[in-house]
Amino acid sequence: MRTALLTALCSTMALAAPAKSVVALLPPAAPDDDLRGFGMMLEARASELIEQSGKFSELHIKQVLSMADAEGLPANELSDAKNAASARTFLGADRVVTLTLASDAKGMTLTGTIVDAKKSTPFTAKLPITWPEALTQGSEAVAKAVLATEKASLPKKALAQPESKSPEALRLLSQCYAIVIRQPLGIDNPAVLNGEELDGASALCEKALTNDPLLKFAGAVLALSRAITGDAAGATKALAGLTATDDMVEPYTLARFWMVTRFQSNEDGLASLKDVLKKHPGELIALSYLADTQGLLNDHPASQASWNEYLAQVPSSPFAYGRLSKALARQNKHDDAIAAAKKGLELAPSSRSARLELGSRYIDANKLDDAIATLSELKDAKGEAVLRLGFAHWLKGNVDAAAPLFQKALDTATAPGEWRTRGRAQYNLALVAAKKGNANAAKAALTASMQTGYKVRSVDPSLEKIAKEVERAEFQKAAPADAGGGVKLSLMPKESSLLPFDPAGEPDLTRKKDAAPQGFVIYKF
């Protein structure tokens, strides 16, 4: 039965083996931040060279870093053989590439390994100590090694970014890029960013451009940094120095998509990604963002189709099966959704995110015993994963089982971006207290929930009276807190999001677009 369902839900996929091999370059290992930053630039240039061959579908470094975070893998240690093998499975890639850089007074040594399902193939390159020459030679060495696996070769004129004759410009760019590329940039979840850190990164990119105005990669990274921090004028200025011919530079593609969606229209934002995919169908991050944005806009059939297209290119991706399952669940196709999530977990049995997706699909389908059994197997679960397990118990009526899980979720959701998880955990604890008839504890928990900035759209009937008391006593008093007049409400943290989100974490699709900054050019696709 499940096989038939899976066949049906993937009916729009190309079930034959994909024409292109799927490859991912893993973050480089190096003894210091400077050399690691250089390695990140080297990989970015190598990635462009590989993409130009037309032989590969590529997983972008942001997708790799997101996977590492979700699966609890140390991003700076993915060159380790065991971690690399795990990364390949979690990404669904045919091959992953590990890189290690070392340097001395004479030059640099690049050591790499191409890891596939059957073997690991090493390669090495000796590079000069000067960054401009080392960047060109090192990126071409990586690209040649990867291309050789498909009996392909570099084009005669290997043009790619970043490239500069200025060592100082490259050093500044490496520091900027290392910061910006590690920022969370999810579509369906707002991200809490370190504004000061990103402002510093932007300043570094601006200095890089001062040293070399032709370093387009620095302009693209600057545009992305400014866009996600909400500096629309700065992003517009940075984008003005780039053109559509630069859309192979992923930071430019993402920055343009971000700005077009925020200030032009949602439809044009989607069109910008589709335009990129027509020219570069193997650019998987663009396809991923397209599918997620379609889901965010409640066009779940289109999101389903895009995830099927993704799976046609990356048929072993547990991540894509998980996202497909969500698109199906939003259409109330719960059996199909569960089948897709199960497939994702079968591909990567140790994947935290795949197990969390399956447990969530069981909750969506109200199969609470299955949800509890699935989520209980998560090892070292924290934050959101524990909260969902507790919620499954709550829905089943297991109040005593749910309460300590809500508390554990609260205690372990410590990252700045997990403020909504903390808010929901406190809200759920208020539900527990109300259920047990402890009005004081319910009031305290609900107050704490609201102070995180979290607020549900519709309060549970058991908390309606308490919520009104809290709002009246704590949040509607004119007197300031330091005068004894009440508790000050913590503001929602400043977030970066493609579309506006409300305090409960739901997209606000009715809000009017902000006015475009001066100089913003209307893009046509």
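This is a predicted model: local features need pLDDT of at least 70, side-chain atom pairs count only at pLDDT 80 or more; totals for chains, interfaces and linings use all residues.
Which residues does Arg226 meet in salt bridges? One is Glu206, whose side chain meets that of Arg226 with an N to O distance of 3.1 Å. Arg226 belongs to helix 8 (residues 216-228) and Glu206 to helix 7 (residues 195-211), so this pair ties together parts that are 20 residues apart in sequence. Another partner is Asp231, where the closest N and O atoms are 3.4 Å apart. Glu206 is partly exposed at 36% relative accessibility, and Asp231 is also in the partly exposed class, at 28%.

## Salt bridges elsewhere

How many salt bridges does the model hold? The count comes to 25. One of them joins the side chains of Lys396 and Asp369, at 3.0 Å from N to O. Here Lys396 sits in helix 18 and Asp369 in helix 17, so the link ties together parts that are 27 residues apart in sequence. Lys396 has a relative accessible area of 41%, which makes this residue partly exposed.

Salt bridges can also link up into a network, as they do for Asp188, Asp292, Arg323 and Lys326.

## Aromatic rings

Now look for the rings. There are seven aromatic pairs in the count, and Phe263, Phe520 and Tyr523 come together as one aromatic cluster. A ring can have a charged neighbour too: Arg171 lies over the face of Trp131, 4.2 Å from the ring centre.

## Spaces inside

Rolling a probe the size of a water molecule over the atoms shows where empty space is left. In this model, two cavities of 30 Å³ or more are found.

The largest cavity has a volume of about 180 Å³. Of the 14 residues lining this cavity, Glu43, Ala44, Ser47, His60 and Ile61 are the closest to its centre. Helix 2 (33-52), strand 2 (56-59) and helix 10 (250-263) each give two or more residues to the lining, and helix 2 has the largest share with five residues. Sorted by class, the lining has eight nonpolar, two polar and four charged residues.

The second largest cavity holds about 50 Å³ of space. Which residues line the second largest cavity? They are Tyr427, Leu446, Ser449, Met450, Tyr454, Lys455, Val456 and Val459. Helix 21 (residues 439-451) gives the most to this lining, with three residues. By class, the lining of the second largest cavity divides into six nonpolar, one polar and one charged.

## Backbone details to look for

Most residues other than glycine have a negative phi, and most peptide bonds are trans.

What kind of peptide bond joins Gln161 and Pro162? The bond is cis, with omega about 0 degrees. Pro162 is placed in the loop between helix 5 (131-148) and helix 6 (167-180).

Positive phi values turn up at Asn298, near 65 degrees, and at Asp380, near 55 degrees. Asn298 is in the loop between helix 12 (284-296) and helix 13 (300-313), while Asp380 is in the loop between helix 17 (368-375) and helix 18 (383-396). Is Asp380 buried or exposed? Its relative accessible area is 62%, and exposed means over 50%, so Asp380 is exposed.

Conventions. Residues are numbered from 1 along each chain as its sequence is written. Side-chain values use heavy atoms; hydrogens and water are left out. On a 1 Å grid over the protein atoms alone, a cavity is a set of points where a 1.4 Å probe fits but cannot get out, and a pocket is an open set with protein on both sides within 12 Å along at least five of seven lines; lining residues have an atom within 4 Å of a point. Grid points are joined across faces, edges and corners, and a volume is the space filled by probe spheres set on the points. Helices (H or I, at least four residues) and strands (E, at least two) are DSSP runs, numbered from the N terminus. Ala, Val, Leu, Ile, Met, Phe, Trp, Tyr, Cys and Pro count as nonpolar, Asp, Glu, Lys and Arg as charged, and the others, Gly among them, as polar. Buried means under 20% relative accessible area, exposed over 50%, partly exposed in between (1.4 Å probe, protein chains only). Rings of Phe, Tyr and Trp (its six-membered ring) pair if their centres lie within 6.5 Å; planes under 30 degrees apart count as stacked, over 60 as edge-to-face and the rest as tilted. A charge sits over a ring if NZ of Lys or CZ of Arg is within 6 Å of the ring centre and within 35 degrees of the ring normal. A salt bridge is a side-chain nitrogen of Lys or Arg within 4 Å of a carboxyl oxygen of Asp or Glu.
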